[in-house]
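Please study the structure before reading each solution.

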Amino acid sequence: MSERKGNKRRTLRRGRVGQLPTAGLLRRIAAEMLPFYRVVARSRGFASAWSRAVVRADLDGMQKLLGAVAPSLSRRGMGTNGIGYFISFPAPGSYYSCGITIPPGKVQFHFNAGIHRLMARALIPFFGTIACGPTYARALARAISKNDGRAAASLVRCRVKTNALKSIRIEDAGLVLSFKYPSSKYVYSLLLFREFN
């Protein structure tokens with residue numbers, strides 16, 4: 001996977017340190033990701049250019065595209081594996097990454113702009129509620145910290161209104177939202193997960 005930052009990070013698989021994520025961290029991530037997803041949803045040209053950059057592992061191209069629509073994101077660490085992308089946010093003692101990818105092992109060098117646009121449209125209300133709703137963000141952070149999958153799923157489904165959302169899991173002190181659209185044979189997942197230096 002191509003990464004803008006040089007140090008590889010190991011991912012936390014089990015257990016947690018402290019009570020991450022906090023509501024404040026979730027709100028910051030959502031507020032920074034929201035302008036990007038709004039442009040992806042609105043602009044076919046931007047979404048196509050982004051997908052080409054992801055497939056080519058063109059981090060400079062990704063950074064330039066982000067700089068035009070979400071300058072704060074362009075200053076974050078980022079990575080791509082040719083089938084998705086991740087943007088990193090600092091958190092106490094670690095990082096959180098947020099992005100969309102096809103699960104590894106299914107295909108190489110493929111990232112469909114149309115599916116990305118559909119996911120962005122579905123995710124905008126979710127990210128908007130996290131960013132602007134402190135009570136919602138606290139409830140979601142609490143569900144993740146307590147590994148309460150039922151509560152997390154209920155909170156997500158009340159804001160992500162698409163039949164394409166097939167599963168919601170708590171993993172790596174974060175969330176995995178898996179989508180399957182009829183126009184694609186691949187599952188695409190929104191990942192929000194904790195990493196360590």
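**Exercise 1.** Locate R76 and identify its contacts.

*Solution.* Step 1: R76 lies in the loop between helix 4 (71–74) and strand 3 (78–80); helices (H or I, at least four residues) and strands (E, at least two) are DSSP runs, numbered from the N terminus. The model is predicted, so local features need pLDDT of at least 70 and side-chain atom pairs pLDDT 80 or more, while totals for chains, interfaces and linings use all residues. Residues are numbered from 1 along each chain as its sequence is written, and side-chain values use heavy atoms, without hydrogens and water.

Step 1: Leaving aside residues up to four places away in sequence, R76 touches R28, E32, I87, S88, F89 and P90 (contact: heavy atoms within 4.5 Å).

**Exercise 2.** Describe how helix 1 and helix 5 pack.

*Solution.* Step 1: Their axes (lines fitted to C-alpha atoms over the stretch in contact) are 8 Å apart, at an angle of about 150° (from 0 to 180 degrees between N-to-C directions).

Step 1: Among the residues making this contact are L26 and A30 of helix 1 and F127 and I130 of helix 5.

**Exercise 3.** Which residues line the largest cavity?

*Solution.* Step 1: The lining consists of L26, I29, A30, F126, F127, I130, L140, L175, L177, L190 and L192. On a 1 Å grid over the protein atoms alone, a cavity is a set of points where a 1.4 Å probe fits but cannot get out, and lining residues have an atom within 4 Å of a point.

Step 1: Helix 1 (23–42), helix 5 (113–132), strand 7 (174–179) and strand 8 (188–196) each contribute at least two lining residues.

Notes
On a 1 Å grid over the protein atoms alone, a cavity is a set of points where a 1.4 Å probe fits but cannot get out, and a pocket is an open set with protein on both sides within 12 Å along at least five of seven lines; lining residues have an atom within 4 Å of a point.
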